Amino acid sequence: MRHFDTDSLETLVAIVDRGGFTAAGEALGKTQAAVSVIVSRMEARVGKRLLERSRKGVTPTFAGEILIGYARRILSLEDEALAAIGGDEAAGRVRLAVPDDFVDMMVTPLIGAFSRRFPRVQLEMRCDLSFRLEPMLERGEVDLAIITQDPARPLGEVLRREPRAWCAARDHRPELIDPLPLAMFPDGCRCRPDALASLEAMGRSWRIAYTSSHMPGIHSAVNAGMAVSILGVSSIPKEWRRLGEAEGFPELPPLDIALVVPANASVATRRFAAFLRETVSQQELAA
């Protein structure tokens, strides 16, 4: 019979979440050579290639994606079994890093249920742009992070693909102004470059009228009629207008929203990650 050991599964997950063999080895206390041997043995066991290396980093193959999904579930069950045997519920502090435009979409729906299930876990939340959150995770300042993936260096597991839309306040028409006034997150925002590039490609002149690192600032500018913005559709207030091809705005690719959990995450952190995956899955089924 063929069996998987959890150490190998944990290594495979760490490679994908950390973006490479070296980073995974550092997180797990293994050499890069040891990590490579573990992957080679797993590939020999299943008879399929699990990972592909490229200039952009390491990405799972189709077989790898399937196995990683099961690996996360197996590791989560292992945590639950150890906690049950020890008679110890998850406890401690979980520090979550997340862009604030994802809070209502992904975090708010699970906080109440999670807190009731694990009352001894203290939740803390740090909101900022993804490119600032990733270094916090690497330095150990937060325990897990929800990020917009960088296409050039994708980290973590994709939780959902979020469509985006141009938007404006219901009673204002800033889209008729030339140059087009924009309310945007600052430089470093991962949805900003292709949005501006799409306007350039269609020959539409624009200017940054307002910049904010947080959602309330963007909301204030749009509600005041100062500018058009671009947000994930789940973050657009119902009373705003979405602007599309009829108004002369190009369609944009969706954002890949990912969860990054360190390989050495605590039981409490893994519990929160499992709750988050379940919540997102339920949202997708209901959509």
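## Buried cysteines

Buried means under 20% relative accessible area. Cys191 has a relative accessible area of 11%, so Cys191 is buried. Cys167 is buried too, with a relative accessible area of 0%. These values come from a predicted model.

## No disulfides

A search of the whole structure finds zero disulfides. For Cys167, the nearest cysteine sulfur belongs to Cys191 and is 10 Å away. For Cys191, the nearest cysteine sulfur is that of Cys189, 3.3 Å away. A disulfide needs two cysteine sulfur atoms within 2.5 Å, so Cys191 is in no disulfide. Cys167 is in no disulfide either.

## The largest core

The largest nonpolar core holds 26 residues. Met106, Leu144, Ile146, Leu259 and Leu276 have the most contacts inside this core.

What is Met106 in contact with, leaving aside its neighbours within four places in sequence? The list is Ile146, Leu159, Arg160, Ile257, Leu276, Thr279 and Val280.

## A second core

A second core is separate and has 22 residues. Among them are Phe21, Met42, Val58 and Ala263.

## The annotated segment

UniProt lists residues 4-61 as "domain: HTH lysR-type", in an unreviewed entry. Over residues 4-61 the chain is 62% helix and 14% strand. The end C-alpha atoms of this segment are 18 Å apart.

Note on methods
Residues are numbered from 1 along each chain as its sequence is written. This is a predicted model: local features need pLDDT of at least 70, side-chain atom pairs count only at pLDDT 80 or more; totals for chains, interfaces and linings use all residues. Side-chain values use heavy atoms; hydrogens and water are left out. UniProt positions are given in the numbering used here, feature names are shortened, and annotations may be inferred rather than shown by experiment. Helices (H or I, at least four residues) and strands (E, at least two) are DSSP runs, numbered from the N terminus. A nonpolar core is a set of buried Ala, Val, Leu, Ile, Met, Phe, Trp, Tyr and Cys residues joined through side-chain atoms within 4.5 Å. Buried means under 20% relative accessible area, exposed over 50%, partly exposed in between (1.4 Å probe, protein chains only). Contact means heavy atoms within 4.5 Å.
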